[in-house]
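Good morning, and thank you for making time for this.

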Amino acid sequence: MAGMTPETGGGMFSASSNAAFKQQLNKVYAWYTGGFAVFVIVLAILEQMGLPRNWIGYIFLAATVLLYAGIGVMSRTNDAAEYYVAGRRVPAIYNGMATGADWMSAASFIGMAGTLYLTGYGGLAFIMGWTGGYCLVALFLAPYLRKFGQFTIPDFLGARYDGNLPRLIGILAAILCSFTYVVAQIYGVGLITTRLTGVAFELGIFLGLGGILVCSFLGGMRAVTWTQVAQYIILIVAYMIPVVWLSVKQTGVPVPQAIYGYQLQKVTEKEKALIDDPKEKEVIAIFKQRADDMGEKLKDVKAALEADKAAAAKKIEDLKAANAPAADITAAEKAQAGLPKDEEAAKKAWTAAKAANEARAKPLAGMPRHAAQFAGDPNGDQKAKDTFNTSRLNFLALVFCLMVGTAALPHILMRYYTTPSVKQARSSVTWSLFFIFLLYFTAPALAVLVKYEIFTVLVGTPFDKLPAWVGQWATVDPGLLSVADINKDGILQLGEMRIGGDIVVLATPEIGGLPYVISGMVAAGGLAAALSTADGLLLTIANALSHDLYYKMIDPNAPTSRRVMISKILLLVVALAAAYVAAQKPADILFLVSAAFSFAAAAFFPALSLGIFWKRANKWGAVIGMVGGLGITMYYMVTTQPWLRGIFGVTSPIELWYGILPISAGVFGVPLGFALIIVVSLLTPAPRREIQELVEHVRYPSRPGDVSTQVN
Amino acid sequence: MELTESHRQYWQKNLNITAVLMAVWFVVTFVVSFYARDLNFNFFGWPFSFWMASQGSLIIYVVIIWFYARYMNQLDQEHGVAEVEED
């Protein structure tokens, strides 16, 4: 891998060395991809020869993590430009791949297809939001940031808005959104490591953490970039193979993206049949009955609890009197011990049980019809009309927040500092979106194909003939998959199965009947997705602290080597802190990830884009705009999101503005941020002449007499 | 550093193309999604708006960014603001 450690250390480059460097990269990664294919084939042969499953898991985990660590060791560096921006010589196409891996997290790889499976059209908000945001990156930010050419996003805020206050707000906001995001990634790493090898969750977290750290710790952005390219290749191959296989199996066509429209039609027809199916209705009626029973109990908790206790005691007595088998008596005693301890506990448990049963007492196991755009009905009664409008509004608001958030996440924007030129930064965004597009184009197909398989093959199977993977996943984690013969007819109804979104991608190889080695590869792909994103995020946080806070604000005379060293130490501290939080299994991880987008959107996008497109925007406008936008976003989330309400002890009734869900809180923050920057800037003096010239400077890739702002 | 007339034109053209492309982006993203229920006709098996949200809009996004990069790189040349060091 000589291509990853070119001899020169400085930022100067000549035309010939850039081209030669790219050719060398092509060669290295072609060999790498070939090597990976051989590795998988060898493992497949070993599996046929009887290699046990958990060994395949170990080998995949060890081989990939060692590979990433190896790249990290080979790319180690202490040079500032190498450490912070990979020496600014990453060719557009490779920066595109690295951005793709940086971008696609555990949520994209594992969670997305599952969300689409569960929510149908509604889930497409994520597909559109997480791709369309790159239009904003390309048109409003990437080329200009590259021309500015420093190390971090707070760097730009500090220079453009003339002072340390905007920089400091930038640092805080960058840490806020990156930290919430990185906790979710490390959680994902722990989950996959546990699945792959069967080690304890906490141990899994720290194993994965080792893989993240050895890479970013030694070589900073340089190591992270070349590792991310390697991780992208693994994750995209791992995502495609099972989907293509499933598509061939169902339709005979190996291009699932082109063909799944027809599968969607079949799913829609089957949905109609399932909604009218008397057996499904039977299951729903049973769940409804159970929910009603709980409601009955909740009316008088005290009496109901006493009755329950008395009944349990009586049952044990009766069993004993009838000389029943010991196992029955033990079971009855267990049931007695499992009763709620006091009224408080009983109320809580029964309310939860009522909600759980109500959720399952719905057609299609609570899933909306896959192709139905929005809930409700625009031509129905007033209630249906309102439902429709709110549902549609929330879809649009979510798309908006995800898009603007995409164009404001510091770990993504930072990547466009690493290309050799403005021109390459522009085409690099094209490559980024292209590589992301490959996966996002496929996820909805995967969701439909899996749904078809479950609706037509699995549903209606007798319980004793269910495929082996159902039982295996149910034992791994009943929260992810559980089946129970509710109406006792011996046949699986859709309503009798509960499926968690995170299982869909991981179980696809087994659903398609592929060998276990492919399951191992998919898990390794998920690991690559989580590790690569965690790498980029940790680097962003450590750089915000070491470069922006320490070097730019506390000790501007610090020598390069000390800055890089401090950054490395901070990286370790932040990683351990994130691992500690992730090990607590915080309640609502998916919400945290989406919240990061709203935070980033409200804090950064108005200040960054106006900073480039409106010379008149000044320091006080930016400060108040960023604080105001972020402030209202956080306020709305804290007052409306159940988990945050609990943490902050908010007890006032939930008041939604225009029915917008807390996940899309950025929809209020972004416009407010823009408005505040404009109004406050106009009320205060225009920025200095030098600042206005900086704005001119970033707008043109090169001008005669250009004074470079680039830091090498 | 004074701006020449050519520089001003360059920036104006940049603003124009940005506005046009953003308008396309807006229509594809928000207008189509707003009328999703009405755009329900069959499109190679998919309901049209489902296809737009899952594939059509993504293709258009890639094309928007690709076109912008190409257009701006040409504009750099025309107005003499292209960088010299290139591969």
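In this predicted model, 43 residues of chain B are in contact with 48 residues of chain A; contact here requires C-beta atoms, placed from the backbone, within 7 Å of each other. On the chain B side, α1 (5–34), β2 (46–47) and α2 (48–78) each supply at least two of the residues that touch chain A. The largest share, 18 residues, belongs to α2(B). By class, this side of chain B consists of 27 nonpolar, 10 polar and 6 charged residues. The classes are as follows: Ala, Val, Leu, Ile, Met, Phe, Trp, Tyr, Cys and Pro are nonpolar, Asp, Glu, Lys and Arg are charged, and the others, Gly among them, are polar.

A word on conventions. Residues are numbered from 1 along each chain as its sequence is written, and chains are lettered from A and ligands numbered from 1 in the order in which they are written. Because the model is predicted, local features need pLDDT of at least 70 and side-chain atom pairs count only at pLDDT 80 or more, while totals for chains, interfaces and linings use all residues.

Which helix of chain A packs against α2(B) at an angle of about 170°? That is α17(A), residues 422–458, and the two axes lie 9 Å apart. Axes are lines fitted to C-alpha atoms, for helices over the stretch in contact, and angles run from 0 to 180 degrees between N-to-C directions. The two helices are therefore roughly antiparallel, a term for angles over 145 degrees; under 35 is roughly parallel, 65 to 115 roughly perpendicular, and the rest oblique. Residues of α17(A) in this contact include F434(A), F437(A) and F441(A), and those of α2(B) include Y61(B), I65(B) and W66(B). The contact comprises 14 nonpolar, 5 polar and 3 charged residues.

Within chain A, the axes of α5(A), residues 106–119, and α19(A), residues 503–511, come within 6 Å and cross at roughly 90°. This makes α5(A) roughly perpendicular to α19(A). Here F109(A), I110(A), A113(A), G114(A) and Y117(A) meet I503(A), V504(A), V505(A) and L506(A), giving 8 nonpolar residues, 1 polar and no charged.

Let me turn to chain B itself. Its 2 helices and 2 strands run α-β-β-α from the N terminus. The radius of gyration, taken over C-alpha atoms, is 18 Å, whereas a compact globule of 87 residues would be near 12 Å, by the rule of 2.2 Å times the number of residues to the power 0.38. The C-alpha trace spans about 55 × 30 × 15 Å along its principal axes.

Finally, confidence. The model scores ipTM 0.95 and pTM 0.89. Mean pLDDT, the predictor's confidence per residue from 0 to 100, is 90 for chain B and 87 for chain A. In chain B, confidence is highest in α1(B), at a mean of 95, and lowest in strand β1(B), residues 42–43, at 88. Over residues 1–15 of chain A, pLDDT stays under 50. Where pLDDT is low, predicted coordinates should not be read in detail.

How values were computed:
Helices (H or I, at least four residues) and strands (E, at least two) are DSSP runs, numbered from the N terminus. Two residues are in contact if their C-beta atoms, placed from the backbone, lie within 7 Å.
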